[in-house]
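Hi everyone, thanks for coming.

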Amino acid sequence: MEVLSALGSGFLVALTPLNLAMILFGCFTGTLIGALPGIGPINGVAILMPIAYALNFPPETALILLTGVYYGAEYGGRVSSILLNVPGDAGAVMTTLDGNPMARQGKAAEALALSCWSSFIGGTTAIILLTLIGPLLAKLAIAFGPAEYVALMVFAFATLASMVGTSAVKTLIGATIGLMIATVGVDSGTGVNRFTFGSPNLFDGIDFLVVVIGLFGISELFTLLHEEGGEFLGATKLGRSTLKMADLLALKWTIVRSSLVGFIIGVLPGTGASVASAVTYGMEQRIAGASGRFGEGDPRGLAAPEAANNASAGGSLVPMLTLGVPGSGTTAILLGVLLLFNIQPGPLLFTQQPDLAWGLIASMYIGNVALLVINLPLVGIFARLIMLPKAYLIPVIAVLTFIGVFSVSGSTFDLYMMLALGVLGFLLRKLNVSLAPVILGVVLGEIFEDNLRRALSISGGDWKVLFETPATILLWVLAVLILFLPSLLGRFGRRKVEDTETAAD
């Protein structure tokens with residue numbers, strides 16, 4: 001009853017005229033952004049974040065808007081994946097495997113409708129679980145002290161290293177760069193200037209908006225300019241939808257399994273839609289066995305990653321709201337939004353800012369229904385967005401990024417810094433270094449440092465305080481296991497294969 005009462009108060013917040021308008025606007029805009037190849041939810045949220053901040057919205061309104069963009073972009077990413085075989089973002093890669101073959105078979109509209117329903121069910125499942133699990137996790141985590149938070153940050157980085165990107169080393173490099181950016185400015189504890197190079201513009205550090213827009217928005221511009229290809233891409237004919245309720249019911253267990261697995265994976269810090277969609281696609285392929293036509297237009301191969309995508313998006317909000325640890329790169333930006341409004345995310349959020357926490361959860365219920373209503377009848381309109389020429393797309397992104405940053409800071413220095421970070425982001429992309437760990441390093445760096453100082457101050461400089469409680473010991477052990485267990489299991493597996501081959505010889 002306590003949860004239902006809190007959720008009811010959240011709906012009162014979400015249904016105010018301003019917040020309701022922001023839900024609909026965020027969902028619609030997010031779908032448009034997600035439909036554009038390569039933009040994705042993280043870039044969409046990054047580009048719109050300074051606008052939300054500059055308009056002086058209340059924190060719950062700004063977060064509701066950007067979360068709507070996040071969810072909408074997860075929906076929209078399927079359009080280019082199915083019609084063009086070009087993933088809208090990393091989480092939509094698995095959608096192309098069976099979605100595009102269905103489109104080539106004249107079932108494009110059916111594939112878009114199926115992905116829409118799968119996304120709706122996956123997202124709704126995640127929101128219900130977030131409603132039930134979020135407050136419970138907050139109550140468990142409310143006993144966390146500075147030492148526990150230090151161990152939690154280490155656990156988050158360890159999880160990140162093992163699950164983001166193609167190389168753990170490159171992921172750690174990205175996180176280290178983020179931590180270095182977080183240390184720029186005057187040290188709050190000693191008053192010493194760190195990495196300011198004598199420039200007064202850096203005394204307050206590098207603004208989070210500048211970091212996000214530079215690394216994602218500007219680097220995206222450079223990437224679009226660098227890519228070779230035609231002026232625009234050609235689309236597949238939509239055809240007529242033949243999706244029936246019986247077809248959807250035949251896939252019910254695929255969607256349910258993928259929703260649950262996607263949510264669980266989304267809760268893990270450092271993972272995201274790309275991991276969830278890949279795991280669920282492989283899981284359904286193994287379950288189908290010889291009866292499957294995966295890679296040739298099997299509906300199960302489309303429904304599974306689409307349900308998992310949106311379920312993981314909801315799951316990634318759980319650690320952000322309850323522990324202050326981002327579950328993905330996009331939630332790292334949303335975490336930064338809270339910090340911009342001087343709101344400390346974590347266990348106390350549900351008690352100190354109940355309107356924000358429950359208003360956000362309630363807005364996701366509304367937004368998920370709104371996305372279904374928006375997406376089903378407007379498939380044709382969204383599909384035409386992928387025909388937008390680069391000559392128009394690049395200037396639009398450039399104008400949004402420059403106006404967004406300057407309207408908030410009013411500093412030309414920040415514009416130059418944004419360009420420099422854009423070059424850095426472009427180089428990291430070319431080196432296949434994921435940008436999500438960089439953002440996580442920036443966001444978690446300050447939290448990590450503050451809690452480390454606090455823990456050592458309480459203990460009089462005794463490092464043993466970081467390993468004294470059962471919670472800290474458990475988190476340290478989990479961090480070590482996550483870092484080294486996959487490597488040890490891989491070596492054990494290879495040795496077992498070699499022994500088998502030797503015995504066979």
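Axes are lines fitted to C-alpha atoms, for helices over the stretch in contact, with angles from 0 to 180 degrees between N-to-C directions. Helices are DSSP runs (H or I, at least four residues), numbered from the N terminus.

This is a predicted model, where local features need pLDDT of at least 70, side-chain atom pairs count only at pLDDT 80 or more, and totals for chains, interfaces and linings use all residues. Residues are numbered from 1 along each chain as its sequence is written, and side-chain values use heavy atoms, leaving out hydrogens and water.

Now, helix α8 (residues 208-226) and helix α18 (residues 412-430): their axes come within 7 Å and cross at roughly 60°. Contact here means heavy atoms within 4.5 Å. On the α8 side, residues including Phe216 and Phe222 take part, and α18 contributes Met417 and Phe426, among others.

Next pair: the axes of α10 (residues 252-267) and α12 (residues 299-323) come within 6 Å, crossing at roughly 35°. Among the residues meeting there are Gly262 and Phe263 of α10, with Ala307 and Gly314 of α12.

And the cysteines? The structure has zero disulfides, a disulfide being a pair of cysteine sulfur atoms within 2.5 Å. Cys27 counts as buried because its relative accessibility is 2%; buried means under 20% relative accessible area (1.4 Å probe, protein chains only). Cys116, at 1%, is buried too.

How values were computed: Helices (H or I, at least four residues) and strands (E, at least two) are DSSP runs, numbered from the N terminus. Buried means under 20% relative accessible area, exposed over 50%, partly exposed in between (1.4 Å probe, protein chains only).
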